[in-house]
Amino acid sequence: MSTMSTRNSGSIRKRMLSVFLSIVLMILLLSLWYVFGFEYSVGVLNGVIDAQNVRSAYSSTLQALRRDLDYGDDVESALAGHAEALKAYAAKMYAAYPYRAVYDLLAITDRFEGQVQAHREAPEGIYDSISQMELVFAGLSDVVEHADTAGRERIKTYRISAIQAFVAIAAGCALMCVVIIKGFSDSIVQPIEQMATAAKRVSGSDYDAAMLPDSPRADEIGYLFSAFNRMVREIQAQIETVRLNADLKQQLQAQQISAIRQLQLLNEAELNMLQSQVNPHFLFNCMSLIRQTAYLEQAKETGEITEVFSEMLRYGLYRLNQIVTIRDEIGDAKNYCFLMEKRFGDRIRYHISAEEACLSEKIPCRVLQPLIENAYKHGLENVTEDGVLNVSVSSMDGRILVRVEDNGRGMRPDQLRQIEESISSDEISADSKRHIGLANVIKRMLLFCNGDLRYRIVSTPNESTIVAFSFPPLSEWR
């Protein structure tokens, strides 16, 4: 990552430098073109001015020559100096105005210089040559003026063309600068705007829409895109981790609450049993004494009843808060039904069955007995004849099914609804206390199975009541 950062850290800076250098180069080229054009105009104008100065110097020299010939003392020296100057000025005029008339003036001036060198005095021929030079020079005015006017027009035309070209080139350079600067700014501003929009979406927790498209750029912008997407993914992962931790914590709290509720239910059941038995050891001793006395008095049935009751009492007191086998529960249910049979006689018949494979499976203590007690107390107690109670334990679809059915008086729909409400609630209403054993059993089984309990309570008034529930074997989930 550090290597990538080092490699890309100067990319945008280099692009900015390239744009700046391009603009500077355009300005420099434009300035050079303007300077060269200005120099050209100045050169042409200076040529016209120099030509005018040469003409003036030639005219002044002719006048000085005429004056020295007429009034001068050293005519020979004056003739030599003026002849040489006139020839030089004539040559310069011909260079500035390459016309036939100027060439003739140069030829006459050259011949005049030859005459001066040959005679070294002022003969009549020299005066004739001077007169010719004055005549030819005077005739040059129109030609030279036309040439000067043409030069000035050329300068004016060039300046107009130069200004137009300068404006066009300057406009082109400005347009190119605008295009370059806009393209460069868009390549930076647009990605930043995309990142700003994505950042707003992140602040609104819209992480999926906040992901930026993969950028093929290898500069800082591309690196920022990759880093931003990586940051969003990490935030999503952290949020998911926090959510999972919160769910796990909530599940753990729910399990702790379930364990506390199960403990409370067990404690309540144990407390109820203990409250109903003032001194269990004293009761056991009394029940043993009654059983022995019954046998001594040959009251066999009383002795059996006392023995069965003692077994139920011992089972409830010492194993209530334990996990027992279904075999133990079946034995406790048979003992209770034996006592009820002694009470109700032939009015109520019962049948208890369990599959052999289910007998060794685990279940909380005292689950079947409260259901059977509810069936006798609230369903079969007032039956005068043909009362039937069926209790069965079987396996179905890998689960253990417990079913308690009676043909007693049944329950009304509002009573069923109160039982369901008492199962769903942590409190038991006054109207449903008559079925507290049933709600207690369902709650204990829900806690025992960690909620994986399927139960059904079906009752028809004056016909029957069915209480059934199924749960997975203890070995599959513990």
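D406 is found in strand 5, residues 399-406; helices (H or I, at least four residues) and strands (E, at least two) are DSSP runs numbered from the N terminus. The model before you is predicted, so local features need pLDDT of at least 70 and side-chain atom pairs count only at pLDDT 80 or more, while totals for chains, interfaces and linings use all residues. Residues are numbered from 1 along each chain as its sequence is written, and side-chain values use heavy atoms, with hydrogens and water left out.

Let us stay with D406. This residue is buried yet has no salt bridge, and the nearest side chain of opposite charge, R409, is 8.4 Å away. Buried means under 20% relative accessible area, exposed over 50%, and partly exposed in between, with a 1.4 Å probe and protein chains only. A salt bridge is a side-chain nitrogen of Lys or Arg within 4 Å of a carboxyl oxygen of Asp or Glu. As to charge, Lys and Arg count as positive and Asp and Glu as negative; His and the chain ends are not counted.

Which backbone nitrogen lies 2.8 Å from a polar atom of the side chain of D406? That of G408.

I turn now to the nonpolar residues. A nonpolar core is a set of buried Ala, Val, Leu, Ile, Met, Phe, Trp, Tyr and Cys residues joined through side-chain atoms within 4.5 Å. The largest such core has 49 residues, and among the members that touch the most others are Y376, F469 and F471. Helix 10 gives the most to this core, with nine residues. A second, separate core has 25 residues, including L62 and V102.

Next, the aromatic rings. Rings of Phe, Tyr and Trp (its six-membered ring) pair if their centres lie within 6.5 Å; planes under 30 degrees apart count as stacked, over 60 as edge-to-face and the rest as tilted. By this rule there are four aromatic pairs. One of them joins Y336 and Y376 edge-to-face, at 6.2 Å centre to centre and 65 degrees between the planes. Y336 lies in helix 10 and Y376 in helix 11, so the pair ties together parts that are 40 residues apart in sequence. Y336 is buried at 11% relative accessible area, and Y376 is buried at 2%.

F448 and F471 also form an edge-to-face pair, 6.4 Å centre to centre with 80 degrees between the planes. F448 belongs to helix 13 and F471 to strand 7, so this pair ties together parts 23 residues apart in sequence.

Methods
Polar contact = N/O pair within 3.5 Å; in protein donor to acceptor, adjacent residues only side chain to side chain.
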